Amino acid sequence: MTDTPRTSAPRGSRRPLAVFDLDNTLADTAHRQRFLERRPKDWDGFFAAAPEDPPLAEGVALAVECAKECEVVYLTGRPERCRADTLDWLAEHGLPEGRVHMRRDDDRRPARRTKLETLRRLARSREIRVLVDDDELVCDDAEREGFTVLRARWAAPSTELKVAQEREGRT
């Protein structure tokens, strides 16, 4: 996964990290699930529709609240080619500024592997106060490794998205 800062926040900050997933944690992907129900799946359409995602009020409020004590970091399975749209979406919906970690465009490993790899790397130099994610497998693995997890259960679950995250390594 690659990351670049969204801001010029001081790199020396020692505040703990609050790590947030995007899809179905902060952004409601329900309107674009139709692209995953087709055969073959329309990945270009799925990601092109992401800028139209409505924000999930519970997730946004939690990110804003966490930003009072923590540095907010975003950890998504979205591919790097979606960076500009993702940064615009975060700013448009008033989310706290923070580093965004994304999947390399050619990385098809399951989300729980790519996300745990990034969490481990972040934890080498910073305290991770909480991971907020909707993917049960990511949450299970993170808890097994000792991370504090808050399961984002405020969006309707999507079987197609779950398959995409774990079997196809797409988001």
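Buried means under 20% relative accessible area, exposed over 50% and partly exposed in between, with a 1.4 Å probe and protein chains only. The model is predicted: local features need pLDDT of at least 70, side-chain atom pairs count only at pLDDT 80 or more, and totals for chains, interfaces and linings use all residues. Residues are numbered from 1 along each chain as its sequence is written, and side-chain values use heavy atoms, leaving out hydrogens and water.

**View 1. Asn24 in the loop between strand 2 and helix 1.** Asn24 is buried, at a relative accessible area of 3%. Its phi is near 65°, a positive value in a residue other than glycine. Most residues other than glycine have a negative phi. Helices (H or I, at least four residues) and strands (E, at least two) are DSSP runs, numbered from the N terminus.

**View 2. The cis peptide bond from Arg39 to Pro40.** Omega is near -5° here. Most peptide bonds are trans. Pro40 sits in the loop between strand 2 and helix 1 (43-48).

**View 3. The buried face of helix 2 (residues 57-66).** Gly59, Val60, Ala63 and Cys66 are buried. Seen down the helix axis, the buried residues fall within an arc of 130°, so they line one face of helix 2. The arc is taken from the directions from the helix axis to the C-beta atoms. Strand 2 (17-20), strand 3 (71-79) and strand 5 (128-133) are among the elements that cover these residues. Contact here means heavy atoms within 4.5 Å.

**View 4. Strand 2 and its pairing with strands 3 and 5.** Two strands pair if DSSP finds at least two bridges between them. Strand 2 runs parallel to strand 3, joined by four bridges. Leu17 has Glu71 of strand 3 as its bridge partner. Strand 2 also pairs with strand 5 in the parallel sense, over four bridges. There, Phe20 stands opposite Val132. Leu17 and Val19 point one way from strand 2, Ala18 and Phe20 the other way. All of these are buried.

**View 5. The β-α-β unit of strand 3, helix 3 and strand 4.** The unit is right-handed, with helix 3 spanning residues 83-92. Right-handed means that, with the strands pointing away from the viewer, the path from the first strand over the helix to the second runs clockwise. Strands 3 and 4 run parallel, joined by three bridges. Tyr74 has Val100 of strand 4 as its bridge partner. Val100 and Met102 point one way from strand 4 (residues 100-103), whereas His101 and Arg103 point the other way. All of these are buried.
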